[in-house]
Amino acid sequence: MKNLVRTFIAPYFAFAASVCSIVGLVIILLSNKNATIVALMAFCLFLLIILTGVLLGIARMLHQNYGKDYKGISSFYVYQTDDGIKSTFETFRLIQCKRIFLSQIEYRFKWSGTIMPRIFSNSQRIENIKHYSDAQQWDSAILRFKKPLTYNESTVVHIKTENDDHDGTAKPFIYCKLESPIDIMQFRVLLAYKPTGYTEKAIFERKLIDQEIDAEFEYIESIEFNSLYKQYYHVIVDPAPGYIYRLRWKK
């Protein structure tokens, strides 16, 4: 607390004191009525400066202690297709705010097909969607909260895309980019069009975040196909951050 006051708040206090000193000289030259009004305004200004200093000081301290705007707690990814052509991809992420106020976050993604997916959310407003033709550049969108989060407040971020792969160019995988520690990740891939008795395994793999989008992935393990429910299902507890994780299967 002493470091917070000395480093972040003291400069604002000194500035407010200087302003009040100047105002004090002005008050001497005014009548009693005008002096009272000016003194009241100066007092309000002093409080405003101090409050601003406190808020900015806390914000800077939080930024130093936690580099990101929020902490990820858990993520759930669901890919579903009935015919192998049209599909949906849905993400649920539980996050915790690490700023005084947080009104929006950036969501980055990349669809490998030629038709850009329709993206929407049940919980947030989606703004400023950007698609890039460069395969090495992530697409992005801004997810704006309906009500700003406050420090340590948690919420569920929801994103859903509707995808069309009529020309068969989309690649059969889903992946996520994990920049900071998280408690749990869950992948679920539902492939209703697969024939009865299909048993081909999926591959779970990863690569470092700072590598190119099309760089080679490192094999982690194989995932069994549940032929009864026609799905791949995989859960990872405490995954290592700094990687892009991918679940890949055969079309």
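Two strands count as paired if DSSP finds at least two bridges between them. Helices (H or I, at least four residues) and strands (E, at least two) are DSSP runs, numbered from the N terminus.

Please keep in mind that this is a predicted model, where local features need pLDDT of at least 70 and side-chain atom pairs count only at pLDDT 80 or more, while totals for chains, interfaces and linings use all residues. Residues are numbered from 1 along each chain as its sequence is written, and side-chain values use heavy atoms, leaving out hydrogens and water.

**The chain as a whole**

- The chain holds two helices and 14 strands.
- Of its 251 residues, 37% are buried, where buried means under 20% relative accessible area, exposed means over 50%, and partly exposed is in between (1.4 Å probe, protein chains only).
- Among contacts in the chain with a separation of 6 or more, 74% are between residues 24 or more positions apart; a contact means heavy atoms within 4.5 Å.
- The accessible surface of the chain is about 14500 Å², and 58% of it belongs to carbon and sulfur atoms; areas come from the Shrake-Rupley method with a 1.4 Å probe, and for residues only the protein chains shown count as cover.

- Strand 8 pairs with strand 14 (residues 243-248) in the antiparallel sense over six bridges.
- Along this pairing, L178 stands opposite Y243, and F173 stands opposite R248.
- Strand 8 is mostly covered, with five of its six residues buried.

- A second open sheet has seven strands in the order 4-7-2-1-9-13-12, with mixed pairing.
- Strand 4 (118-120) and strand 12 (225-226) are at the edges with a single partner strand each, so one side of each has no neighbour in the sheet.
- Strand 2 (residues 86-97) and strand 7 (residues 154-164) run antiparallel and are joined by 11 bridges; within them, T91 has I159 as its bridge partner.

**Aromatic rings and charges**

- There are 11 aromatic pairs, counting rings of Phe, Tyr and Trp (its six-membered ring) with centres within 6.5 Å; planes under 30 degrees apart are stacked, over 60 edge-to-face and the rest tilted.
- F187 and F204 form an edge-to-face pair, because their ring centres are 5.6 Å apart and their planes lie at 65 degrees.
- This pair links distant parts of the chain, with F187 in strand 9 (residues 184-191) and F204 in strand 10 (residues 202-208), 17 residues apart; both F187 and F204 are buried.
- Ring pairs link Y77, F89, F187, F204, Y243 and Y245 into a cluster.
- R206 lies over the face of Y243, at 3.9 Å from the ring centre, and K68 lies over the face of Y70, at 4.7 Å; the rule asks for NZ of Lys or CZ of Arg within 6 Å of the ring centre and within 35 degrees of the ring normal.

- N128, in strand 5 (residues 124-130), has a positive phi near 50 degrees and is partly exposed at 48% relative accessible area.
- D238, in the loop between strand 13 (231-237) and strand 14, has a positive phi near 50 degrees and counts as exposed at 56% relative accessibility.
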